[in-house]
Amino acid sequence: MALHLDDTSLLAQFQHPSTREKGYTGIVKKYQEKLYWHIRRMLIDHEDTNDVLQQVLIKIWNGLENFREDSKLFTWMYRIATNETLTFIEKQKKRATVSLDQGDGFQDKIKADSSFNENQLIWKLQLAIKSLPEKQQLVFNLRYYDEMPYHQMSELLETSEGALKASYHVAAKKIEEIIKNN
Amino acid sequence: MHQNTDIQNELETISPFWQTLHATMPYQVPAQYFEELHGIVRASIEKEAIYAELESVAPLLNTIPKTNVYQQPIAVPQKALPVFRFVKWAVAALFIGVMAISTFLYNSKVETFDYSAYSTMDHNQLMQSMSDSTLLSYIDAHETLIITPDISIPEYDVETSTSLIEKSSDQALLEYIESSN
């Protein structure tokens, strides 16, 4: 596992013109996988995820100069990734409406995965998560997969910790029910 | 299984069902994706910077596709090896050379005629040795060369001239003499 500098050192490198490139590279390499999986869980498809992630990393490059350290770098990057992904989903929904396509198509995308196995619990979980409302999916994924503390999630989603906790518990119960009933 | 025990404990308080699940993702990522991603993003950033630069200077140019309008010439396969090409040119040069030399030699050829033989010839004896019929046939054949055109002056009519002079006035005769001079 690669060792990464702490965010403060990486930001200091980025702020200096001679080490800007090095600082950005360090930030990308440190967070690219986390950002990728955060987006992929919402979009399912790798190509869509790749498109959005590239946009996110470009936005990070453009915005990093003005980044104020009143929020954590990681939280700031997650917010960009979340907003970009939700915007992408909205665009997809509009396209689906225009083409009279039923549903958001994510269930189909999961089933279309080359390693999909409907009998495996791990795949049932994916299908169940995708049947939740978007906000609940987001909260559940951030807590369950990214193991994000509620205070950080609160900063990211601009929602109270209590509301997030409630949302997470509701989501977990719904998923359990869906899996048990199928 | 979760690395964070708080999260694991929290799930277990919701339901023991969650003990049976592991927080792993079943999706695959293409090989070398994360190794290559940074380079791809850097290239995109560079491309975007070039676009933004042009947008601030001449935005119209950004609306024109950057497709190449020129076409490469279609490669024609070589019909003969270079050595055969040389032979072709060599044959052509040889032909031209032969033609030039022949023309030169033909044009530079001077016909020689032995005129000195005429100077030593005895013309009288030659004429006497020829028969009359030979001479006549020669004259007939070369009539145009031998017979001169008719340049005889018509006979002057003295009588008519005298009567004309008599009939003319002195004034007219003087004018004629002056104009003749």
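This is a predicted model: local features need pLDDT of at least 70, side-chain atom pairs count only at pLDDT 80 or more; totals for chains, interfaces and linings use all residues.
Local features were taken only where pLDDT is at least 70 and side-chain atom pairs only at pLDDT 80 or more, whereas totals for chains, interfaces and linings use all residues. Residues are numbered from 1 along each chain as its sequence is written, with chains lettered from A and ligands numbered from 1 in the order in which they are written.

Chain A contains nine helices and zero strands, and chain B contains 10 helices and zero strands; helices (H or I, at least four residues) and strands (E, at least two) are DSSP runs, numbered from the N terminus. A residue is termed buried if 20 or more other C-beta atoms, placed from the backbone, lie within 10 Å of its own C-beta atom, exposed if 12 or fewer do, and partly exposed in between. By this criterion, buried residues form 27% of the 182 residues in chain A and 3% of the 181 residues of chain B. Two residues are in contact if their C-beta atoms, placed from the backbone, lie within 7 Å. Among contacts in chain A with a separation of 6 or more, 56% join residues 24 or more positions apart.

Between the chains, 26 residues of chain B are in contact with 27 residues of chain A. Helix H1 (5-14) and helix H2 (33-57) of chain B each supply at least two residues of the side of chain B that touches chain A, and H2(B) gives the most, with eight residues. That side comprises 17 nonpolar residues, eight polar and one charged, where Ala, Val, Leu, Ile, Met, Phe, Trp, Tyr, Cys and Pro count as nonpolar, Asp, Glu, Lys and Arg as charged, and the others, Gly among them, as polar.

Within chain A, the axes of helix H7 (residues 134-144) and helix H9 (residues 161-181) come within 9 Å and cross at roughly 95°. Axes are lines fitted to C-alpha atoms, for helices over the stretch in contact, with angles from 0 to 180 degrees between N-to-C directions. H7(A) and H9(A) are therefore roughly perpendicular to each other, a class covering 65 to 115 degrees, beside roughly parallel (under 35), roughly antiparallel (over 145) and oblique (the rest). Residues making this contact include Val139(A) and Phe140(A) of H7(A) and Leu164(A) and Tyr168(A) of H9(A); the contact residues divide into seven nonpolar, two polar and two charged.

The buried residues of H9(A) are Leu164(A), Ser167(A), Tyr168(A), Ala171(A), Ala172(A) and Ile175(A). Seen down the helix axis, these residues fall within an arc of 135°, so they line one face of H9(A); the arc is that of the directions from the helix axis to the C-beta atoms. They pack against helix H6 (121-130), H7 and helix H8 (150-157) of chain A, together with H1 of chain B. The face turned away from the buried side carries the exposed residues Gly162(A), Ala166(A), Lys180(A) and Asn181(A).

In H6(A), the buried residues are Leu125(A), Gln126(A), Ala128(A) and Ile129(A). They fall within an arc of 165° and so line one face of the helix. Their cover includes helix H5 (106-111), H7 and H9 of chain A.

Ile44(A) lies in the loop between helix H2 (20-43) and helix H3 (46-63) of chain A and counts as buried, with 20 C-beta neighbours inside 10 Å. Gln32(B) lies in the loop between H1 and H2 of chain B and is exposed, with 8 other C-beta atoms within 10 Å.
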